[in-house]
Amino acid sequence: MELAPAILGSNSAAPQAPQDRQLAKQSELLQSFFGIPSIDKAWASPSPRGNGLDVVVAMSQIDLPGNAKRNFMSHLYLPEAGHGLDPATNCHWSPFPIQLSGASLVVPSPSGSKVLVVCNTEPASKDSPCSVKLQIWGPMQLLKEVHVPSKLHGSVYTDGWFEGVSWSHDERFIAYVAEEPPVDRPVFGQAMGKDGQKQEGEAGTWKGQGDWMEDWGECYAGKRRPLIYVADTNSGSVQAVEGIPQDLSAGQVVWAPSSSEGTQYLVFVAWSSFADNFKTPRKLGMKYCYNRPCALYATAAPMFGSHSLDRTPGAPLKLTATISSAFSPRFSPDGEFLVFLSAKAAVDSGAHCATNSLHCVKWSGGDSLGTLPPARDVVPVISRPDAKGFPGLYCSTFLSHPWLYDNRTLLLTSAWRSTQVIVSVNLESGEVLRLTPEDSISSWSLLSVFKNILLAVASNPGSPPDLKIAYCSSMEKISDAAFQWSDIPTPVEHTEEVQSILSSISSRILQIPVPSSDGNEILPQGAKDPFEAIFVSPGEVKEGSEPPPLVLVLHGGPHSVSVTGFSRNYAFLVGLGFSLLHVNYRGSLGFGEEALQCLLGNVGRRDVNDVLTALDVVLAEGLAKPDKVAVVGGSHGGFLTSHLIGQAPGRFVTGIVRNPVCNISSMVGITDIPDWCYMESYGKAGLNLYDEAPSVKHLGAFYQASPIAHVDKVQVPTMFLLGAQDRRVPVSNGLQYAQALRARGLEVKVIVFPDDIHAIDRPQSDFESFVNIGAWLKRFT
Ligand SMILES: CC(=O)N[C@@H](C)C(=O)N[C@@H](C)C(=O)O
C-alpha cells in the first residue's frame, strides 16, 4: 500500500475510499500531535519589580509545510518567586510569544542585561563573504552586529556537543566554537597570475577538489574542524585562539576566573583526530559516541588592543593528563573549583556510551598556569546500584550556570532507570540527592537555576511538557525534602481529540527479572538484577476485557535508554489504539555499569532474550494477546527488531525498522563507527582486535551476530524506513535485508528519505514515517 501525498493532507477534495478516509483521519491526528510545542530552554533573572523573577522561555513547534522547526520565545513573570506564593495563581505570561527567525543560538549574558544572537548565514555567497552574524542586543536595541568573514571562520557550532558559547566575566568578550575556514581548492586552467599562481574565476580556469577532508562522521558530514574564536563586543573584531595543534578539534569553551594579574584564560575540551583507545590514526564517528578520548586544555585568550596580553600565545596546556576523558568544564561561581564530567568508563571499555563520573579540581587562580593536581572523584562510576538507589550519572552536559546559591551544590539532569530526574551533587561530600519526586512517572529536565530557585520541565507519555518551579526552603541544609515543586500553568491548547487521547493514556514501569537462560552464566551481580520496561496503553487494561494490540518499541545504541518523557509519535500510536512496551534491556543506560557492560559481546542474544522475557511478563499479566504483537525499532533497535522476527518468528505479526543494523559484516566497512562493530560483537576484546581491514574470521563473527544470519526464518511482512544520507548505518544495510526478504517471497515496504541522516528526524520525514507506521500496524495487528 503506497501512500499518495494527496490523501495525507486534510484538504483533499477528491472522493476517498474508506481506507483512504481512515488514513486521512490518521494523518490529521498526527498533524495535531505535531502541533504540540516543546519547552527547550529558560533563563531566569531577578525582576526589577520587587522579589519577582523574570523568565524568558524558549519554545519550538514543528512547521510541517515548511519542513522546519519554528523557534519562539515568551516571557513569564513570577512575582515573589521563592517566597511561598503559589505560582499557579500568581504567574503572568506575556500575551503572545515572538518567533525568532534566522537565529541559530541565543545566549544571554551572565547578568541578563544583554543577549547574543548567533545567525549562521552559510552558505555564504561570493558577494557576501560573511558566514556568521553575531548580534548583541540590549534591553531595547541592537547594540552591535559583527559580520564575521568566511575567511576567518565558518558556521558557529550549534550541535550541543562541540558547541560552546561563553561570555567573559566583564561581559565584553564572547568565546565560541566555529568551523575553521575552508582551505583553498586548487585552481587549474590557462590563466596564470602575475606571481605564477593560477587565478580562480578567470576564463579557462576551474577549481579542483583538493585533498579529502576527514570529518567526525554522522551529523558532521562536510563540517570542518571546530576551533575557538573570541569576539570583542566593543570593537566588533574577532580573533582565532591560536596554537591549537592541527590534530585537535576544540569545543565547549568557558572563561576561567580572572587571575589577579589580569590574565584571561580560556578552558576548553579537545579531541584528538587519532582514536588512541582503538590505536587507529583516524577520526571515528562522534555522534552518540562518548568513547572518544578527550581532555581539558587551557590557553590565554587572544589579545585585543589595550586588553592585550603582552605575550605570544603558546600551545594550549593539557589540564587533565591522567584521565582518558574530560568534558563539560564549569567553574564554581567563587572560582575555586573546576568541575567536569568524564566518560572514562566508555573510553576505557570501548562501549560507545557508559556510566559517567564527575570530577573536581582546585583551580590555581590562573596566575601561573600549570598542569593541575590530579582531579578528585566527586561522583564515581556506579557498578551496581541498590534497587532504589542512585544508579550513576547518565548526563553529558550541564547548564551554563548549574549552581545553587551555596556555590558548592551542582544541579544536573540524569537518566535514572526508566525516568529522567534532576539531582544535586555536593562538591565536597559527593552526596547525590534526587530532587524530583520518587513517585512521579514523569521525566524531568532542568532548565534554569537562580539562587535557590529551580525551573524545570516535566512530561510523561500522557502529558506533554509542563513547566515546574521549586525553591529550596532551607538555606542551611540542602536536602531533597527542602525542594517543593509547583506547576507553572502553561496555557497550551490541544484539539479535543488530542486532549481526549492524552487523558486516557495510562503508563507504568514494569520490573523484568533476567531470563532464566542466564542461569548458567557467570555474571556480576549488577547484571542479574531486574531491568525495566515502560508499558503505555490507551486506558487501563481491565481484567477479562480484550487487550489492545501491543507494539514493542526498542531503543537504539544499544547503550541508550527509553525514558518516560512525552513523545508525540508514540502518543499518536496509543491514540490509534495500540499499547506500547518500551524495553530497557540490559545494556541500557541508567541501571549501573555492570548491567550495561554485560551486553558487550552478546548482542543479538542477551538483548533479544531480555526483550522476549519482557514480552512474556506483559502476556502473563494479560496486558496483551500473543497473536497481536508487533515490534518497532531504529538502528540497534532495528537490529533487535529484525533479530526478533528471525529468531522468534511465531511471536510477532510484523516488524518495522528505521535505519536498522542488519548485517554487521557489511556495515563494518562503510560505517563511521567500525569500532562499534568490534565492541558489540566481541566485547572488551574488541579494543585489541580492532582493525581497519577486518579479517575473514572477524567478518564471519560479525555475520553470525547479525539479523541476516536468521533471515531464512522470517515469516512476517516488514516495513523499512531508511535515510539515504545515513553515515552510521548506511542505507545499503537495510536495503540488503529488505531484498533478502523479498527474494524469500515476503511482503516488504520500503521508504527511502533521500535527504535524511541516521535519525530521520526532518519534520516531514518524521511525519511520513509515523503516519506509515500507524497504517502498517493497523493493517497487520
Ligand atoms: C552508537 C550508535 O550510533 N549506534 C547505532 C547502531 C545506534 O543504535 N544508534 C542509536 C543511538 C540510535 O538510536 O540511532
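Student: Which order do the four strands of the open sheet have?

Tutor: This is a predicted model: local features need pLDDT of at least 70, side-chain atom pairs count only at pLDDT 80 or more, and totals for chains, interfaces and linings use all residues. Residues are numbered from 1 along each chain as its sequence is written. Strands are DSSP runs (E, at least two residues), numbered from the N terminus, and two strands pair if DSSP finds at least two bridges between them. The pairing is antiparallel, and the order is β16-β17-β18-β19.

Student: Which residue of β18 is the bridge partner of L266?

Tutor: β17 (residues 265-272) and β18 (residues 294-300) pair in the antiparallel sense over seven bridges. In β18, the partner of L266 is T299.

Student: How many residues are in the largest nonpolar core?

Tutor: Such a core joins buried Ala, Val, Leu, Ile, Met, Phe, Trp, Tyr and Cys residues through C-beta atoms within 7 Å. Buried means 20 or more other C-beta atoms within 10 Å of the residue's own, with C-beta atoms placed from the backbone. I228, L266, V551, L552, L581 and V611 touch the most other members; the core's residues number 219.

Student: Which residues come nearest to the ligand?

Tutor: A residue counts as near if its C-beta atom, placed from the backbone, lies within 6 Å. Of the 15 residues around the ligand, the nearest are Y288, H352, G556, S635 and H636.

Technical notes: A residue is buried if 20 or more other C-beta atoms lie within 10 Å of its own, exposed if 12 or fewer, and partly exposed in between; C-beta atoms are placed from the backbone.
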